[in-house]
Amino acid sequence: MRSRYSAFVGQDWGYLNRTQLKQDNGPPTPDIEWQGLEILSRQAGDAEDKTGTVEFIARYSHQGRHAVLHEISRFQKVDGKWIYLDGTFPHPDNKLKSGRNDPCPCGSGLKYKKCCGRN
């Protein structure tokens, strides 16, 4: 997961395509600025395993707006290499909750009400 995040940061679309099951032509928004990765949990994925799951939060900004990607990714080992299969987004009820005066979970340093919660 960390190597794929680094590839997103470096816009290494070739590496991303080599490490995922379904090929694509790059991101629809190449102007995303990635700001941090937090691994929340991992299930399996050790050297002897053939599958694994990683839950993570990636913080980013796009056109000056801070945002958070919360995903549960599934991986499978193919020929000794981990391949990204797919990802799901946790149910909205499980989203990170912030009070108006709490720091914004996107990592901007602003209060939630002045950042992602201003809508």
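Author: What follows covers the sheet, the helix packed on it and the salt bridges.

This is a predicted model, in which local features need pLDDT of at least 70 and side-chain atom pairs count only at pLDDT 80 or more, while totals for chains, interfaces and linings use all residues. Residues are numbered from 1 along each chain as its sequence is written, and side-chain values use heavy atoms, with hydrogens and water left out.

The protein chain has two helices and four strands, and from the N terminus on they run α-α-β-β-β-β. Helices (H or I, at least four residues) and strands (E, at least two) are DSSP runs, numbered from the N terminus.

The four strands form an open sheet with antiparallel pairing, in the order S1-S2-S3-S4. Two strands count as paired if DSSP finds at least two bridges between them. At the edges are S1 (33-44) and S4 (81-88), each of which pairs on one side only. Neighbouring strands are turned against each other by 30 degrees on average, direction ignored; the axes are lines fitted to C-alpha atoms, for helices over the stretch in contact, and angles run from 0 to 180 degrees between N-to-C directions. Strand S2 (residues 51-62) and strand S3 (residues 65-78) are joined in the antiparallel sense over 12 bridges. Ser-61 has His-66, in S3, as its bridge partner.

Helix H1 (residues 2-9) packs on this sheet and touches S1, S2, S3 and S4, its direction making about 165 degrees with that of S1. Contact here means heavy atoms within 4.5 Å. In H1, the residues Arg-4, Tyr-5 and Ala-7 are buried, where buried means under 20% relative accessible area, exposed over 50%, and partly exposed in between (1.4 Å probe, protein chains only). These three lie on the same side of H1, because they cover an arc of only 160 degrees around the axis; the arc is that of the directions from the helix axis to the C-beta atoms. The buried residues of H1 pack against helix H2 (13-18) as well as S1, S2, S3 and S4. Just after H1, Gln-11 takes a positive phi of about 55 degrees.

Salt bridges come next. A salt bridge is a side-chain nitrogen of Lys or Arg within 4 Å of a carboxyl oxygen of Asp or Glu, and by this rule there are three.

One joins Glu-38 to Arg-59, with the closest N and O atoms 3.6 Å apart. This pair links distant parts of the chain, since Glu-38 is in strand S1 and Arg-59 in strand S2, 21 residues apart. Glu-38 is partly exposed at a relative accessible area of 36%, whereas Arg-59 is buried at 17%.

Another joins Asp-86 to Arg-74 at 2.7 Å, N to O. Here too distant parts of the chain are linked, with Asp-86 in strand S4 and Arg-74 in strand S3, 12 residues apart. Asp-86 is partly exposed, with a relative accessible area of 30%, and Arg-74 is partly exposed, with 41%.

In the remaining salt bridge, the side chains of Asp-46 and Arg-42 meet at 3.0 Å, N to O. Asp-46 is partly exposed at 33% relative accessible area, and Arg-42 counts as exposed at 51% relative accessibility.

For the chain as a whole, buried residues make up 25% of the 119 residues.
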